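Subject: Structure handover

Hi,

Here is the structure for you to open.

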Amino acid sequence: MALTFGSLTPNSNTLCLTLTTPPLNNLITNHRTNFVFCGRSVSYGHSLSYSHQRASSFATIVCSAANKPSPSEISSTAKIRSEVLSPFRSVRMFFYIAFVASGALGGFIALTQLIGALANSSRASEIPEIAKGLGIDIAAVSLFAFLYFRENKAKNAQVARLSREEILSNLKLRVDEKKIIPVSSLRGIARLVICAGPASFITESFKRSEPFTESLLDRGVLVVPFVTDGNSPALEIDETEELASRRKRLWQLAPVYITEWSKWLDEQKRLAGVSSDSPVYLSLRLDGRVRGSGVGYPPWNALVAQLPQVKGIWTGLLDGMDGRVL
């Protein structure tokens, strides 16, 4: 019996294995077969399919794993969120199309009248009035077509942004040794700040956040340190300090499935025109949308000054005061 491993397709979570066996008549009948798979960790949504032909000496096992929804699912979710965030956009776009159609019809009628007036000298006095009406129709068509395309461009940009945020919401975070959750589980609970860069950048960000630990936690801020150079940052906490437990809570989250995080981060940098090796930060609103980003260390003092607390008499009232989305 021989076992041949196929290659892993780039940007895919599918691995094909080919099992070659002697051409026995009763292959695998009443026989228990154990398979051991070795390789990188896979995520949720595992599926296993096995195909075998009795007369053939080859069997193929296809394993696939994915930890994010398909693009079609992301797109539909993003469209729904876009409709919720801009409920009157579809109505405006409908009226823009209706006005363009009305203006185009009026312009066509005016054009035929103008051609008839130019061909008949007895109607020469009507030409200025017909030309005026034609000009108004052309201006109306141009105006409402411009408004429609601008609205459609804004819609597409919003859907694309929401799609990226839906991808982010499905990325996984490790809370402790036994608990892994998606980013979406923290919507309405925490304002995440993603620090992405080499280990030295993460270490310095950790040190700079120390004076603001209490204030950041009061505002629901939790940090996601994402190391891009493969080294381990020195996040040392003195157990004798009074704020040791608070510091651990602020920095307790850790990304899981680094390949997916890297892919999402590289896309964000590409769209922002930032070098792929630049250390960056991204801050999220309570609803999971990106509210701020930049190159370099997170502005902890600015976050404390701008964000409202998540507890006290202002709870719920200032939930929308996270800042504008990007």
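Domain 1 (86-170) and domain 2 (173-306) each give at least three residues to the lining of the largest cavity. The domain bounds come from an automatic or database domain assignment. This is a predicted model: local features need pLDDT of at least 70, side-chain atom pairs count only at pLDDT 80 or more, and totals for chains, interfaces and linings use all residues. Residues are numbered from 1 along each chain as its sequence is written, and side-chain values use heavy atoms, without hydrogens and water.

**Cavity**

The largest cavity holds about 80 Å³ of space. (A cavity is a set of points on a 1 Å grid over the protein atoms alone where a 1.4 Å probe fits but cannot get out; lining residues have an atom within 4 Å of a point.) Helix α3 (residues 127-169) supplies the largest share of the lining, three residues. Glu165, Arg187, Leu192 and Leu284 are among the lining residues.

**Cores**

The largest nonpolar core has 36 residues. (Such a core is a set of buried Ala, Val, Leu, Ile, Met, Phe, Trp, Tyr and Cys residues joined through side-chain atoms within 4.5 Å; buried means under 20% relative accessible area, with a 1.4 Å probe and protein chains only.) Leu173, Leu192, Trp261 and Trp300 have the most contacts inside it. Apart from it lies another core, of five residues, including Ala110 and Leu114.

Leu192 also lines the cavity. Leaving aside neighbours within four places in sequence, Leu192 is in contact (heavy atoms within 4.5 Å) with residues including Leu173, Val183 and Leu284.

Best wishes

Terms used: Buried < 20%, exposed > 50% of the residue type's maximum accessible area, 1.4 Å probe, protein only. 1 Å grid on protein atoms, 1.4 Å probe; cavity = no way out; pocket = protein on both sides within 12 Å on 5 of 7 lines; lining within 4 Å. Points joined across faces, edges and corners; volume = space filled by probe spheres on them. Helix = DSSP H or I, 4+ residues; strand = E, 2+ residues; numbered from the N terminus.
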